[in-house]
Amino acid sequence: MSTPRYVLLSEATTISDYVDNPVFTDVTNDGETYTTYRIVRITHEIFEHPDDWTHLANVSLEFNIGIGVAHLLLKNKIVEASRIKPTPPSEIAT
Amino acid sequence: MNVLICNDRAEPLDSLIGILENNRDVTSVKVATNGRHAIDALHSSPIDISISSGTGLDFNRMLQRHIAPTVAASLTRVVATQSPTVPLFVKAHQFGFNNVLPLTTPEEKIVPSLQRTLSGEESIKDHPSVKALHLTPGALTHSISFEDTNDQHIVELVGVGLSDHEIAEALNLSIQNVRNRVAHSIRINQLTNRTQLALLQNTNWQIPDFA
């Protein structure tokens with residue numbers, strides 16, 4: 001199995017180059033819980049990931065306070081799938 | 001205390017009616033045998049407590065949507081049942097009932113229990129089988145609402161058991177769009193998950209008016 005490669009994207013990259021809508025909803029708990037996030041910045045392009053993730057992004061909660069890092073599967077500028085690692089509130093400077 | 005009994009043929013509350021009619025702390029006991037009677041009784045004079053049987057639970061939830069909001073807000077709702085099971089407690093809690101009255105309660109303790117429920121001292125929320133679950137009381141009480149017809153179409157398909165991918169295909173929308181809209185409908189209806197949305201959609205009953 002090949003190791004995934006993460007290629008850092010330029011800070012000049014705009015989100016609209018990758019997705020039509022920066023707001024997407026992550027579904028967890030066997031399809032029960034819906035949480036809406038906003039892509040703040042797409043940081044990496046991913047190649048050869050065994051789970052098919054294509055991009056890594058910084059995200060924030062759309063309707064609450066919270067940030068995280070998202071693995072995204074982007075296809076035709078649509079977020080097809082996501083896996084979020086939320087940043088624990090204790091690690092967010094207040 | 002003014003009481004309305006929604007008397008259900010499947011689980012009649014005749015003995016409870018007798019107990020309440022003979023109690024000096026109960027000012028009036030009205031008995032409704034169908035939905036129209038109950039709505040008319042609630043609108044014609046002040047009612048403090050409405051009591052339904054366990055089998056009338058779903059009906060009573062529907063009834064709640066057909067009475068004036070001011071009447072509904074001031075009404076304390078109780079389920080009286082011979083078999084106060086855990087599922088009944090949880091269901092009554094989710095439907096926004098204030099308490100469950102086991103009909104095995106000694107006669108002299110029934111009215112004091114209703115009075116404590118009316119004053120808020122006694123509540124279904126304090127029952128051990130409900131307290132531990134951290135549920136949203138009354139989550140399935142209100143009518144479902146939609147932002148627009150697109151959201152309505154999506155929720156209707158959630159209600160017939162389609163997955164988000166199937167909905168996206170059926171309505172020619174992106175999966176991202178469908179998930180965002182499902183999340184939006186969950187949020188504006190103050191629900192916590194997709195199952196609740198499907199349930200609320202499927203039980204969004206209205207009394208048909210054939211007149």
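Predicted model: local features only at pLDDT ≥ 70, side-chain atom pairs only at ≥ 80, totals over all residues.
**Entry 1: H8(B) and H10(B)**

I noted that the axes of H8(B) (residues 149–159) and H10(B) (residues 175–188) come within 10 Å and cross at roughly 90°. Helices here are DSSP runs (H or I, at least four residues), numbered from the N terminus. Axes are lines fitted to C-alpha atoms over the stretch in contact, and angles run from 0 to 180 degrees between N-to-C directions.

I then listed the contact (heavy atoms within 4.5 Å). H8(B) contributes Asn150(B), Asp151(B), Ile154(B), Val155(B) and Val158(B), and H10(B) contributes Val178(B), Arg181(B), Val182(B), His184(B) and Ser185(B). By class I recorded five nonpolar, three polar and two charged residues. Ala, Val, Leu, Ile, Met, Phe, Trp, Tyr, Cys and Pro count as nonpolar, Asp, Glu, Lys and Arg as charged, and the others, Gly among them, as polar.

The model has limits that I wrote down: local features need pLDDT of at least 70, side-chain atom pairs count only at pLDDT 80 or more, and totals for chains, interfaces and linings use all residues. Residues are numbered from 1 along each chain as its sequence is written, chains are lettered from A and ligands numbered from 1 in the order in which they are written, and side-chain values use heavy atoms, with hydrogens and water left out.

**Entry 2: H9(B) and H10(B)**

I found that the axes of H9(B) (residues 164–171) and H10(B) come within 9 Å and cross at roughly 115°; the pair is therefore roughly perpendicular. Asp164(B), His165(B), Ile167(B) and Ala168(B) of H9(B) touch Ile175(B), Val178(B), Arg179(B) and Val182(B) of H10(B). I counted five nonpolar, one polar and two charged residues in this contact.

**Entry 3: H8(B) and H11(B)**

I saw that H8(B) also packs against H11(B) (residues 194–202), at about 100° and with the axes 8 Å apart. From H8(B), Val155(B), Glu156(B), Val158(B) and Gly159(B) meet Arg194(B), Leu197(B), Ala198(B), Gln201(B) and Asn202(B) of H11(B). The classes are four nonpolar, three polar and two charged.

**Entry 4: chain A and chain B**

I checked the interface last. Chain A and chain B each give 15 residues to the contact. The buried area (accessible area, 1.4 Å probe, lost on putting the two parts together and summed over both) is about 1,200 Å², with 46% from carbon and sulfur atoms. I recorded zero salt bridges between the chains; such a bridge needs a side-chain nitrogen of Lys or Arg within 4 Å of a carboxyl oxygen of Asp or Glu.

Note on methods: Helix = DSSP H or I, 4+ residues; strand = E, 2+ residues; numbered from the N terminus. Parallel < 35°, antiparallel > 145°, perpendicular 65-115°, else oblique.
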